[in-house]
Amino acid sequence: MNQPVQKNTLYVGGLAEEVDEKILHAAFVPFGEVKDVKTPLDQATQKHRSFGFVTFLEREDAAAAMDNMDGAELFGRVLTVNYAFPERIKGGEQGWAAQPIWADADTWFERQQQEEEMKRLQAEHSAAMKEAEKLHREKVAAEKDGEKEEADPMAAAEAQAVKQSS
């Protein structure tokens, strides 16, 4: 995996927690005009992940900064300074834009079929749950009716007497 290095951008590792982009900029500006400074954040802690990137306008300035700052100390921590590798692009070296539109067709159809199958299963499950709920309500209603008949033995005896006299 030979990736070309970016001669204007430096990777700076070993940053102390207190170091922010302003401090990093101030530490590297003596070597030349700094175009950009980035310290990627950890999503969970919202703090930098102890490394950053410094981009110079001129390659020579970046080389001078690397020579002087690699192994230097900043806020009590020893820095590692190297040329940065370019960001990796999703979808291969050239990215998704370099792929033909039909490259993803097979997986798209598979995903569509899976989604339809999930919808069908959810509909079946929902219908089964409604049917079970209906049966449960009928059973509870029948039990309540049975309790009412048993609960009033006088009314049951009276109803039976009326039937016998008819």
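User: Is Lys38 buried, exposed or partly exposed, and what is its relative accessible area?

Analyst: This is a predicted model, in which local features need pLDDT of at least 70, side-chain atom pairs count only at pLDDT 80 or more, and totals for chains, interfaces and linings use all residues. Residues are numbered from 1 along each chain as its sequence is written, and side-chain values use heavy atoms, with hydrogens and water left out. Buried means under 20% relative accessible area, exposed over 50%, and partly exposed in between (1.4 Å probe, protein chains only). Lys38 is partly exposed, its relative accessible area being 49%.

User: With which side chain does Lys38 meet in a salt bridge?

Analyst: A salt bridge is a side-chain nitrogen of Lys or Arg within 4 Å of a carboxyl oxygen of Asp or Glu. For Lys38 the N to O distance is 2.8 Å.

User: Which residues are joined with Arg120 into one network of salt bridges?

Analyst: The side chain of Arg120 meets that of Glu117 at 2.5 Å, N to O, and these two residues lie three apart in helix 3 (residues 105-151). Arg120 also pairs with Glu124 at 2.3 Å, N to O, and these two are four residues apart, about one helical turn. Through shared partners, the salt bridges link Arg120 into one network with Glu117 and Glu124.

User: Why can residues three or four places apart in an α-helix point the same way?

Analyst: The answer lies in the helical repeat.

User: Which residues of helix 1 are buried, and within what arc do they fall?

Analyst: Helix 1 covers residues 21-28, and its buried residues are Leu24, Ala27 and Phe28. The arc is taken from the directions from the helix axis to the C-beta atoms. Seen down the axis of helix 1, the buried residues line one face, because they fall within an arc of 90 degrees.

User: In what order do the elements of the protein run?

Analyst: Helices (H or I, at least four residues) and strands (E, at least two) are DSSP runs, numbered from the N terminus. The protein has four helices and six strands. From the N terminus on, their order is β-α-β-β-α-β-β-β-α-α.

User: What share of the residues of the protein count as buried?

Analyst: The share is taken over the whole protein, which has 166 residues. Those that count as buried make up 19%.
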